Amino acid sequence: MLALVQPCSSIAGTAHAAGFGSFEQPFSAESPWNRRPLEPRLGDYRLPPTRYLPFVGGGDYTTGAFLCRDGDRPMQVQGNEPHGVWIVDEGVSRTLELPCWPADVRPAAGGDGHAEIVDPARGIVHSFWQLRRDGGSWRASQYAWSRLDGPGWPDPAHNHQGARAAGVPTIGGLIRRHEIHDGHPLYHHVLAMSLDGSALRTGYVAPAAGQDNDADATYRGQIPMGSLLMLPAKFAVDELKTPALRKVARTLMAYGAAVVDRNTDTRFVIYVEQGADFDLHKGTWNQAAADDLQRIADALRPVHGQSGWRDGLGRPIATTQPNLLSMRGPWRLDESHGRRNESPPGHFDSWRQALVFTGASGPGTSLRQEVGAQRTTRWAPWSGGERYRLSASGSPGTTLRLQFLDDRGRTLWQSRWLTDGESEQFEAPGDTRHPILNARNASGHEAWIRGDLKLHDGRRPSPH
């Protein structure tokens, strides 16, 4: 069972006061969902024609957001397969237990079965794929989570945070029910968009951390997953005949749309929350809306650069670095224990992003991360010769060490053992393909530890 972490009070308080980090306006003001590019430079690539017209709306393949309230009961979610729910960040399948479950949860009717459960008390968005009700119980194929007051996009440490192909929760960029008739001329966030494979290119870009598993066989275009698409500043938005699409177009001019998924044979899809009052055709055929959608599709262009960013409050965004270090397992007993095949007295806790030593761990327990547990992100590789800073945080009595191994398992470089609050700067060896972590617990009781790895000089890894 996962253990929850309470949100940082200072961040949560600021977000609440500003409206960000809430059920109605998820993620931080600095999130890629809530920021705007300054002086965007647009490319020339145009979305290719497809069998079906562009689409903005709800339907069987959109998603719903469901709010946890006081008194909601816990829920155990079983897997659609016997081995359990695939917990993406942990890399394991098992039964999932959530501390709250809204009574009105209703997954999308399509095969993706998306649903987002928002728990403000614990600051978490739970993202499900192929969620379904089975009598009095619930089943799902996949689960991931994101901080409600966080970026809403993955990073190298927590590199899958939702059910979309880009690794994002389906609430990200969603046109919500309460926004449609709020009287504002545009939506105050980036929109979520999917494209047909004829427009997509393999090789995701920041801030995405993934793409479809069959991308090599199905992507045939020029736009990588994670790209931002926008309408040019000169787009004649007032010439659109459909008021609902004028609001969408103004949003595409100011914020843009992030490419987060692939659809089938549709030039683009922009997602609207299920149950929302958003229907361009009103039960019949609206040719004006169809023409407006094609005009938008014809004018959309990928963003190839910008002079900077403004957050959701209009403030300049300072460059920050992601954490490159993951605590995910599998973990095993160190060779020094002589009992490698035993179940280790510790596990990776995704909600805490930490290695947790169980109460069964005795004084001096030493665990070793399996080779390959560190999965790098394309736009943030570990590079030989670069200088990094490694930091540790954890319970009293816990320590952490980073090693780089060669193909034969020999140590190329290793840090010293770091305790809570300690850090070490180092130059990475030429071969960084096999990094692993070692962790110790000298306390003899339940404890936790995690690490943070960033480029030493403050530079952010290149998104391309």
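In this predicted model, Glu370 comes out as partly exposed, because its relative accessibility is 30%. Its side chain meets that of Arg332 in a salt bridge, at 3.5 Å from N to O. Glu370 lies in the loop between strand E25 (365–369) and strand E26 (387–394) while Arg332 belongs to strand E22 (residues 331–333), so the bridge ties together parts that are 38 residues apart in sequence. Arg332, at 12% relative accessibility, counts as buried.

Take Glu273 and Arg176, whose side chains meet at 3.1 Å, N to O. This one links distant parts of the chain, 97 residues apart: Glu273 is in the loop between strand E19 (269–271) and helix H4 (287–299), and Arg176 is in the loop between E13 and strand E14 (191–196). With a relative accessibility of 3%, Glu273 is buried, and Arg176 is buried at 3% too.

Lys247 and Asp182 form another salt bridge, with 2.7 Å between the closest N and O atoms. Here helix H3 (residues 243–254) supplies Lys247 and the loop between E13 and E14 supplies Asp182, so parts that are 65 residues apart in sequence get tied together. Lys247 is buried at 7%, whereas Asp182 is partly exposed at 31%. There is also a network of salt bridges, linking Glu30, Asp311 and Arg315.

What Asp212 does have is a side-chain polar contact of 2.6 Å with Tyr219. Beyond its close sequence neighbours (within four places), its contacts include Ala165, Met225 and Asp261.

On to the rings, where the count comes to nine aromatic pairs. Trp101 and Phe128 have ring centres 5.8 Å apart and planes at 70°, so they pair edge-to-face. Trp101 sits in the loop between strand E8 (96–98) and strand E9 (115–119) and Phe128 in strand E10 (residues 124–129), so the pair ties together parts that are 27 residues apart in sequence. Phe128 also pairs with Tyr143, and this pair is tilted because the planes are at 55°, with the centres 5.3 Å apart. Trp101 and Phe128 are both buried, and Tyr143 is buried as well. Elsewhere, ring pairs link Trp382, Tyr388, Phe404, Trp413 and Phe426 into a cluster.

Charges meet rings too: Arg35 lies over the face of Trp309, 3.8 Å from the ring centre, and the charged end of Arg164 sits over the ring of Tyr271, at 4.1 Å from its centre.

Key: Residues numbered from 1 in each chain as written. Predicted model: local features only at pLDDT ≥ 70, side-chain atom pairs only at ≥ 80, totals over all residues. Heavy atoms only, no water. Phe/Tyr/Trp six-rings, centres within 6.5 Å; stacked < 30°, edge-to-face > 60°. Helix = DSSP H or I, 4+ residues; strand = E, 2+ residues; numbered from the N terminus. Buried < 20%, exposed > 50% of the residue type's maximum accessible area, 1.4 Å probe, protein only. Lys NZ or Arg CZ within 6 Å of the ring centre and 35° of its normal. Polar contact = N/O pair within 3.5 Å; in protein donor to acceptor, adjacent residues only side chain to side chain. Contact = heavy atoms within 4.5 Å. Salt bridge = Lys/Arg side-chain N within 4 Å of Asp/Glu carboxyl O.
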